[in-house]
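Hello,

Here is the structure you were going to look at. My notes follow below it.

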Amino acid sequence: MISSSQLISYGGSWNTKCDNSYNSLCGSSHAISNTYFYCTDYSVSEDWTVGENNFTYTFHNSEKQWHVSWKVETAINLAPRWDNGKINSSPVTRSPPIVRFPGGCRQSFRIPVEDPDGDTVKCRFATYSESFKVNTSFPYGELDETSCLLTYDGSQAAVGGIYAIALSLEDFPAGTTNFGSVTPFSSIPLQFLVMVVGNHAGHCDEKPVFTATTPKDGECSDVPIGSSYRAVIEVQVADFSKSIVEISTASPSGMQLTSLRNQGQIYYRNVTWYPSQHQIGQQLFCFKAVDSAGLESDWRCVTILVGMSSTPRVILATRRPLTPVSRYGSGYSSWSVQFDRLIKKPRTSAYIRLVLLPSGQTLYKVEALSKNVTVGSNSTTLQFAIPYPVLSMDGLYAISMDKGIVVGQGCSSGGTPTPGISSLSDWRFYINGVCSSGYSLRTPYFNSCADIDECAYTGSTGPSNIFPEFTLPAGCDQDCDNTPGNYSCSCERGFQLQSDGKSCTAGYGSVSFKMDFYKNSSFATPFTEQDYPLSVALNEYVYLQYSVASTADLVIMAENCKATKDVSFYSWPQYTFLQNGCPEDSTLDYSYNPTRYYQQFKIRALRFRNDYDTVYFHCELLACHRNSPGSRCSKGCIRNKRKRREVTRDEVEQEESTNKVILTGGPVVFKAAKDGKLLDHEPSQSKQTALIGGVAGAGGFCLIAVVALAILLVKSRRTQPRLSNNKNEERAGYKNSAYIPEADVNGNESCA
C-alpha cells in the first residue's frame with residue numbers, strides 16, 4: 001500500500017466545535033473531513049500500521065479557539081499572536097506506536113518535537129478530558145516537561161505491562177521558563193503505548209547501536225522541491241549472538257525504504273524521498289532498530305526542511321578585520337563575519353582556525369561552543385576573539401571555519417550546518433608581527449619575543465615560554481633539530497627524508513648490485529676484464545664477492561646460489577650450493593654478516609660426469625635496511641623454508657627487502673688431462689662438465705676424481721641497477737619455476 005499510495009478508508013470523520021459561547025456559529029460540532037489516510041509505515045513483529053493525510057478547511061471565525069477531536073484533542077488559536085502579530089503554527093511531532101523498555105533497565109525516550117515558529121515547546125501528560133486517560137496510567141515513568149523526556153525508572157514491577165501514554169504538546173513564546181504565567185498558543189496530542197519487556201537487568205547496554213553513517217539524532221537538513229532526500233539507516237548488534245529483526249520508521253508520506261538487508265553484522269535500510277508541494281515545511285523522519293532479543297535502539301529523529309532554505313553561508317565581504325593588528329601584551333582581538341541566513345550556535349563541537357601559510361598549519365583554534373564565540377543581536381553575525389599573543393609572529397595567515405561552525409534556525413534541536421570556510425584563499429591576510437618568523441611573545445607578560453621550539457611539541461603539550469594554546473609543531477616523522485627561528489627534520493638510518501622535509505620513509509634509493517671474482521682469499525684484488533677467461537685448476541677455490549650500492553644504508557644477502565649447464569637461472573639439471581641463505585655444500589666457506597653491504601665466499605671447483613660444453617652459476621641477491629629487525633637480511637639462514645611454505649607464505653611475503661636480483665657468472669669449461677699433466681689452454685676432444693663445489697652427504701652427484709684443468713669464463717664485474725623496493729615483484733620466471741632438489745637432478749644423471 002505504501003508504494004501504490006492507496007488511500008485507506010478507515011475510521012470516521014474529523015469534527016470541530018467553536019468554544020466561543022457568544023458566537024452564534026459556535027456551540028455545535030460538525031464534520032470537516034474524513035479520517036482516510038495513506039500508509040507510511042508498518043511493523044510486522046508488532047502488528048501496527050501508521051499513516052497520514054492532509055486536508056484544507058477554512059474556519060468561519062478566525063478570532064476564537066476551535067477544538068478538533070477524534071479520541072484525541074487539539075486546541076488551535078487562530079487569532080494573531082500577541083508577540084509577533086502572526087498566525088501561530090503548531091508544533092510537529094512523530095513517535096512510534098509502541099515504545100519498548102527493557103525490564104529492570106532505567107532508560108529514556110526523547111519525544112521529538114519541532115516548532116515552525118521557533119517557540120518553546122512543553123510536553124505534559126494530557127488531562128482526562130483531553131484523552132480519557134489519567135496521567136498516572138504509567139506509574140513507573142517520569143516526564144521531564146521542558147526537555148520532553150519520558151524515563152522508565154527500571155522497576156521490576158513494570159515487567160510484562162502495557163501502558164497507554166497520552167501527552168499534550170504546547171508551544172509558548174521562545175525563552176519561556178515560567179509556563180504557569182503564560183497561555184500556550186496551541187496544544188496538540190500525542191499518544192502511544194509503552195511496553196516493558198523481559199528482565200534484562202545487567203545487560204542494559206546491549207541494545208542495538210547505529211553506525212556513524214546513520215543520520216544523527218536531531219540532525220537537520222533542507223531539501224528543495226524537486227530534489228531528493230537520501231540516507232542509509234545502518235545498525236549493528238552489541239552482542240554477535242543476536243541479529244537485527246527490524247528497523248521500523250515513522251516517516252512522511254511518499255518516503256521509500258528498502259527491505260532490511262545485512263552485510264555480516266551490519267544491518268541497513270536505504271531511504272529515498274522526493275517531497276511534494278503540499279509537504280513544504282518541517283517534516284520529521286524517525287527510526288529505531290529491534291534485535292532478536294526484543295531490545296530496541298535509541299529512537300532517532302531528523303528534521304527535513306522541505307522547500308525551505310535555512311543553510312547559512314558566509315558573506316566574505318563582511319569579514320573583519322581586513323588587516324589584523326599585532327601588538328605586545330595580553331588581551332583579545334575582535335573578529336566578525338556575517339551570514340546570509342539567521343544563525344545560532346551548534347550543539348556539537350566545531351572550530352574557527354587561524355592557519356599559517358603556506359604550510360597550512362593550524363596555529364590556534366576557537367571552539368564554537370566557547371564563550372569566545374557569540375552570535376550577534378541581529379542573529380546573522382558571528383563574532384569571535386583571538387588572543388593578541390597568538391598574532392605576534394610575522395607572516396601570512398588565513399581564517400578557516402569548520403562545517404557546522406553555526407547552524408540555521410529552521411530546526412529546534414539543531415539546524416542545517418553552514419559549509420563554513422574551507423578555502424585558505426577566501427580569508428587570508430598578512431600580519432606585520434611584533435616578532436619575527438619563528439618567534440612569539442614570551443609568557444607571562446608578553447612584552448618580549450622568544451624562539452618557538454617547534455621540536456618541543458609532544459601531543460597537546462608545547463613549549464612553556466609561549467602562549468599555551470598556540471601550536472606550531474615541527475611535525476617531523478623522526479628526528480627534529482630546533483634552531484633559532486626555525487627547525488630541521490632528519491631521518492634515522494635506513495630511512496629517507498621526503499620532499500615535504502618532514503616525512504621519513506623506508507626507501508632504498510637508487511640501488512645497484514655487483515658481483516666480482518677475486519684472485520685470492522684476501523679479496524684485495526678483483527680480476528679485471530683482461531684476465532678473462534679465468535683458469536682454475538680442479539679442486540682450487542673460486543673467490544667471489546657480491547655487494548650493493550645505494551643512497552640508503554643497505555646490507556646485502558644471497559638467498560639462493562646455484563650452478564646450471566647454461567646461462568638460464570631456471571634451467572636444469574642444476575646444483576644448489578646455497579639455499580634460503582644456508583650453505584648446502586661441504587666445500588663452501590661462507591660466513592654471512594647481516595650488517596655489511598658486501599658478502600664473500602669461496603668454493604672449490606670440482607667436476608662431475610657428462611658431456612656438456614659449459615656450466616654457469618647464479619646468485620639470487622636482495623638488499624635490506626641495516627639493523628632492520630623485520631628484514632629478510634636480519635634472519636639469515638632459514639632451514640626447511642620450503643617445507644613450511646604454505647604456513648609461512650604471508651610472513652615471508654611481508655619481510656622487508658628489495659626485489660630479488662639474479663646475477664649470473666660463467667661459463668666454466670674443463671679440459672682433459674694428458675699423461676697426468678694439467679693443460680692450461682689446449683682443447684680437449686672429450687668434453688666434460690664442471691660444476692662449482694662438491695656434494696655433502698649421500699644421494700648427491702657422482703664425482704669423478706680425474707685431475708684436469710678448469711677454465712672459468714666469467715662475465716666481467718656485472719652490475720645490475722635496481723630502483724623498485726617491492727620485494728614481491730620477483731621475476732616471473734622464478735615464480736613459475738620450482739626449486740629442483742638434488743635428488744631430482746640425480747635421477748636424470750647416471751653415475752660412472
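**The four-stranded sheet**

Four strands make up an open sheet with mixed pairing, in the order E18-E25-E24-E20. Strands (E) here are DSSP runs of at least two residues, numbered from the N terminus, and two of them pair if DSSP finds at least two bridges between them. Strand E18 (220–223) and strand E20 (244–250) are the edge strands, each pairing on one side only. On average, neighbouring strands of this sheet are turned by 25° against each other, direction ignored; the axes behind this angle are lines fitted to C-alpha atoms, and angles run from 0 to 180 degrees between N-to-C directions. Within the sheet, seven bridges join strand E24 (residues 281–291) to strand E25 (residues 300–306) in the antiparallel sense. Opposite Gln-282 stands Leu-305 in E25.

This is a predicted model, in which local features need pLDDT of at least 70 and side-chain atom pairs count only at pLDDT 80 or more, while totals for chains, interfaces and linings use all residues. Residues are numbered from 1 along each chain as its sequence is written, and side-chain values use heavy atoms, with hydrogens and water left out.

**E33 and its partners**

E33 runs antiparallel to E29, with six bridges between them; Leu-357 has Leu-396 in E33 as its bridge partner.

**Cores**

A nonpolar core is a set of buried Ala, Val, Leu, Ile, Met, Phe, Trp, Tyr and Cys residues joined through side-chain atoms within 4.5 Å. The largest has 38 residues, of which Leu-382 and Phe-470 touch the most other members. Strands that each supply at least two residues of this core include E27 (332–339), E29 (351–357), E32 (381–387) and E33 (395–401). Not counting residues up to four places away in sequence, Leu-382 touches, among others, Trp-335, Phe-339, Ile-352, Val-373 and Met-401; contact means heavy atoms within 4.5 Å. A second, separate core has 34 residues, including Phe-517, Val-542, Cys-619 and Ala-623.

**A buried glutamate**

Glu-559 lies in strand E45 (residues 554–564). Glu-559 counts as buried because its relative accessibility is 2%. Its side chain makes a polar contact of 2.7 Å with that of Arg-632; such a contact is a pair of N or O atoms within 3.5 Å, and within protein one must be able to donate a hydrogen and the other to accept it, with residues adjacent in sequence counting only if both atoms are side-chain atoms.

Regards

Terms used:
Buried < 20%, exposed > 50% of the residue type's maximum accessible area, 1.4 Å probe, protein only.
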